[in-house]
Amino acid sequence: MPSFMHATDTSGNTSLSANPHARYRRAAVAHSDRDSLRSYAYADSSHFKTSSGNGPYAQSSAPNRPITWLLTLLVAAFGGLLRFLRLGNPREIVFDETYYVKDAWTMLLTGEPRDWPKTTLIDGVRQPIDAAFAAGHVGGWLDTAEYVVHPPVGKWLIAAGLKLFGGAANPFAWRVGVAVAGTVAIVLMIRVALRLFRNVPIALIAGLLMSLDGVGIVMSRTGLLDNFIMVFALGAFSLLLIHRDWARARLHEQYARDSRSHSATWIPSTSRHGKSFMLNARGPFIALSWWRVGAATLLGLATGVKWSGIYLFAAFAVISVTWDAWERHQTGYRGWLGTGLVKDALPSVAYMVPLWAGTYLAGWLGWFMHRDSYMRDWAAANPSEDIGWLPETLRSFVQYHVQMWQFHTTLDTPHAYKANPLTWPLQIRPTSFYWTKLHGHPGLCSLSPDSQCVSAVTSLGNPLIWWLGSFCVIVGIVVAVKRRGDWKIWAVLAGFIGGWLPWAQYLHRTTFTFYSIVILPWIVLAICYAADWYRRSVSTRAWRITIGVVLGLIALVTLFFYPIWTAMPVPYEFWLSHMWFRSWI
């Protein structure tokens with residue numbers, strides 16, 4: 001292999017100073033000779049292997065090697081163990097499980113979520129409905145449909161776990177859906193990192209960080225909705241990265257053919273990035289791929305869990321079509337901005353938006369099928385002259401969404417664990433899902449028989465992961481600026497742009513730190529981005545020692561906090577030793 005081939009980064013970024021074809025460029029500039037330009041273009045395009053080869057613009061086979069899949073599954077099995085071990089504990093309704101698990105149960109049995117009384121009579125004794133439900137008395141719902149403020153998809157996924165694992169009498173069944181989602185997210189995290197960084201150790205680090213984080217563990221062991229948004233968003237992002245690899249390969253294959261054509265012409269480039277001369281052609285159509293279709297569908301499902309998926313769809317779609325347009329320019333085609341808008345962005349919008357919206361609407365199929373759904377007959381009781389042309393069912397559906405929107409944008413009910421969204425990445429105010437005193441001294445409490453025994457579920461991320469990840473976001477931006485641009489930084493920032501920044505417009509709203517589960521994968525990617533830069537900057541020995549020490553410390557912190565993430569019985573003093581700040585209590 002010629003020595004110049006080693007000057008190309010495996011991520012596909014080619015240094016201009018190391019370009020082996022500079023002699024062709026100089027000849028073209030000096031003589032404006034078409035043959036020289038064609039020779040330059042041919043030599044330049046031959047440097048990039050296509051999808052059948054192993055070059056940087058290929059759809060790399062590295063992510064699909066059997067050994068990488070084996071390592072992926074081993075790490076996922078480790079993370080799954082942390083999520084599934086004692087999944088049925090505590091045998092009590094935890095935090096918002098009071099809504100989502102009971103909704104899922106009535107949806108499974110009646111097709112729609114139903115209202116529940118606050119108390120119920122069990123053996124002549126009136127008990128709170130949540131206590132009775134946890135004890136196995138899972139009937140007693142009312143006939144009226146419940147007003148729910150989140151779309152149905154996430155609750156149907158919880159309902160699937162109830163159906164497959166013995167019904168609502170089994171707390172394991174309440175949570176198995178989110179546990180599966182959390183384990184699948186580890187697999188996706190490794191595959192995303194492998195496709196981004198083309199480095200197996202970096203990818204495995206990503207999987208280990210995902211496995212060891214406290215928010216990831218708690219949200220995979222509690223029957224709430226947010227874990228589903230995260231896994232759908234991560235899956236969609238993985239597909240968009242595959243689309244990017246496919247589009248790059250297609251662009252370079254076509255460029256190799258177009259530049260050898262006898263009718264090919266070139267024009268001088270006005271950009272400081274890319275080639276000195278651009279091929280006077282638009283390039284192939286790359287807006288449509290099955291990968292992008294799948295991504296739009298998954299983002300529709302994410303929105304069908306919670307409306308925050310809307311922002312993820314918008315951010316991911318814009319970043320994806322921008323990648324297409326910029327890659328068109330980097331390949332050597334002219335007019336990347338205009339072509340990107342007309343040939344990439346508009347066609348993508350034309351099919352991605354309907355797919356996303358259609359998937360979201362499909363999640364409401366049960367509401368349309370049942371005559372007694374909440375607000376199903378609102379339009380019949382409220383005739384309208386303004387939009388009377390709209391069918392009554394659709395008018396009712398729209399009005400229901402108006403009510404949901406008003407709820408989400410005006411919710412300011414005081415709550416002890418309300419957390420400003422700007423503080424989520426630093427885990428300043430974690431959410432206490434569950435805390436109770438226990439009788440006797442079971443479990444670890446036996447080590448301290450004179451202490452009060454307690455059990456807790458605290459949705460607190462591994463502090464080292466979140467603090468380091470927040471720092472690495474800043475480091476990554478600085479590194480990308482010094483490199484004069486790096487497409488991977490947008491991959492790192494995508495989750496923050498779509499999953500965190502939109503919350504800045506709702507600082508008045510009652511929000512909780514556990515919502516940050518949606519940005520956990522991108523906290524991990526920020527660490528991986530910095531680790532990849534560090535790997536290229538120091539000796540192999542220094543990199544291995546540093547990574548070993550950091551991972552070791554993170555693992556120890558996880559071991560320390562795991563009992564209060566998973567409701568293990570512990571002495572009160574042990575629990576208190578985890579409350580490093582007053583805001584954590």
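Modeller: We will take the cysteines, then the sheet. This is a predicted model, where local features need pLDDT of at least 70, side-chain atom pairs count only at pLDDT 80 or more, and totals for chains, interfaces and linings use all residues. Residues are numbered from 1 along each chain as its sequence is written, and side-chain values use heavy atoms, with hydrogens and water left out.

Colleague: How many disulfides does a search of the whole structure find?

Modeller: A disulfide is a covalent bond between the sulfur atoms of two cysteines. The cut-off here is a pair of cysteine sulfur atoms within 2.5 Å. The search finds one: Cys445 is joined to Cys453, S to S 1.9 Å. Their link is right-handed, with 80 degrees about the S-S bond. Both Cys445 and Cys453 are buried (under 20% relative accessible area; exposed is over 50%, partly exposed in between; 1.4 Å probe, protein chains only).

Colleague: In what order do the three strands of the open sheet run?

Modeller: Strands are DSSP runs of E, at least two residues, numbered from the N terminus, and two strands pair if DSSP finds at least two bridges between them. Here the order is β5-β6-β7, with antiparallel pairing. The edge strands, β5 (431-438) and β7 (570-571), each pair on one side only. Strand β6 (residues 453-459) is joined to β7 by two bridges, and Val454 stands opposite Val570 in β7.

Notes: Helices (H or I, at least four residues) and strands (E, at least two) are DSSP runs, numbered from the N terminus.
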